Amino acid sequence: MSQTQAKVTALIPARGGSKGIPKKNLFPIMAKPLLQYTFEAAQASKYLTHIMLSTEDEEILHFANLHNIDTRYRRPTHLSSDQAQTNDVVKDFLMWLQLQGEMPDILVLLQPTSPLRSAEDIDRAITQFQENHLDSLVSVHKMTEHPYKSLEVSADGQWHFLAKPETDTTRRQDYDERFYTINGALYLVKPEWFLQEGRLVVEGKTKLFEMNPISGMDVDELVDVFKVEAYLKMLA
């Protein structure tokens, strides 16, 4: 199946509430709401055939409609809290699509907290997914805080390194570069596989799509907004 033949639906989950930044999904970054970056990247993709929103928030729904995003699906209230799990949000959405007779070949989850993820990143991931006949793919980047310097601290104050080199080393260039972070920018999955497994990422089964740490940057706190704006100003 080629990219042009496949039905590839993007789901953009964007609830109204947030902890770190009030109304985060509509928070302005360089005078543009955070959510708009993901809308624009998705709409510039060559391979996405449909773009849909998952929200319970009327203001976000209105903003999405202004940008020609499909808002027919409404997220249930019980899946709109801080405790709601992404896997449950995806499952409810897929069950809704199934009832509409609109199940895609591939579902691409695009979290709006990744504003620097580009259309090119999306299309490279879809290409990797299809060319390798995958069931599940998740975006990662090399860890910026290396496990050789990262600690786990127990309740009694004892600590140990998350990972140890085979020989003593203090130079970054000597560090093992096999450690990665799931950055949340891209999740690709076959719907039937997801409904069977019940989750987007399964250890040992989900394959990895490598991005650079800048493209995979996640906006969670206000300091992340400053980092994204600094990078965008460099490009301006």
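**Figure 1. Tyr73 is buried in this predicted model.** The relative accessible area of Tyr73 is 1%, and because the limit for a buried residue is under 20%, Tyr73 falls in that class. Phe93, with a relative accessibility of 0%, also counts as buried.

**Figure 2. Three aromatic pairs occur in the structure as a whole.** A pair of aromatic rings is described by the distance of the centres and the angle of the planes. One of the pairs joins Phe39 and Phe63, whose rings are stacked, with 5.9 Å from centre to centre and 25° between the planes. Phe39 belongs to helix α1 and Phe63 to helix α2, so this pair ties together parts that are 24 residues apart in sequence. Phe39 and Phe63 are both buried. For Tyr73 and Phe93, the ring centres are 5.3 Å apart and the planes stand at 80°, so this pair is edge-to-face. Tyr73 is located in the loop between α2 and α3 (86-100), while Phe93 is part of helix α3, so the pair ties together parts that are 20 residues apart in sequence. Tyr73 and Phe93 also form one aromatic cluster with Trp96.

**Figure 3. Helix α1, residues 34-44, is mostly covered.** Eight of the 11 residues of helix α1 are buried. Among these buried residues are Leu34, Leu35, Gln36, Thr38, Ala41 and Ala42. The buried set in α1 also includes Tyr37 and Phe39. Lys32 lies over the face of the Tyr37 ring, at 4.6 Å from the ring centre.

**Figure 4. The largest nonpolar core contains 33 residues.** The residues with the most contacts inside this core are Leu48, Leu53, Val108, Leu110 and Leu186. Two or more residues of the core come from each of β1 (8-13), α1, β4 (50-54), α2 (58-66), β5 (106-109), α4 (119-131) and β9 (180-189). Another core, of 18 residues, lies apart from it; its members include Tyr73, Tyr187, Trp193 and Leu200. In soluble globular proteins, nonpolar side chains tend to be buried together.

**Figure 5. Leu186 is in contact with residues that include Val108, Leu110 and Met211.** With neighbours within four places in sequence left aside, the contacts of Leu186 also include Leu109, Arg117, Asp121, Ile122 and Ala125.

**Figure 6. Met211 is buried in the loop between β10 (207-210) and α6 (222-235).** The relative accessible area of Met211 is 4%, and because a buried residue has under 20%, Met211 is placed in that class. Residues up to four places away in sequence not counted, Met211 touches Arg117, Asp121, Ser139, Val140, His141, Asn183, Ala185, Leu186 and Gly216. Between Met211 and Ala125 there are 9.6 Å in space, C-alpha to C-alpha, although these residues are 86 residues apart in sequence.

**Figure 7. The protein as a whole has six helices and 10 strands.** The protein has 236 residues, of which 47% count as buried. Among contacts with a separation of 6 or more, 72% are accounted for by residues 24 or more positions apart. The protein exposes about 12,800 Å², and carbon and sulfur atoms supply 49% of this area.

Conventions. Residues are numbered from 1 along each chain as its sequence is written. This is a predicted model: local features need pLDDT of at least 70, side-chain atom pairs count only at pLDDT 80 or more; totals for chains, interfaces and linings use all residues. Side-chain values use heavy atoms; hydrogens and water are left out. Helices (H or I, at least four residues) and strands (E, at least two) are DSSP runs, numbered from the N terminus. Buried means under 20% relative accessible area, exposed over 50%, partly exposed in between (1.4 Å probe, protein chains only). Contact means heavy atoms within 4.5 Å. A nonpolar core is a set of buried Ala, Val, Leu, Ile, Met, Phe, Trp, Tyr and Cys residues joined through side-chain atoms within 4.5 Å. Rings of Phe, Tyr and Trp (its six-membered ring) pair if their centres lie within 6.5 Å; planes under 30 degrees apart count as stacked, over 60 as edge-to-face and the rest as tilted. A charge sits over a ring if NZ of Lys or CZ of Arg is within 6 Å of the ring centre and within 35 degrees of the ring normal. Accessible areas come from the Shrake-Rupley method with a 1.4 Å probe; for residues, only the protein chains shown count as cover.
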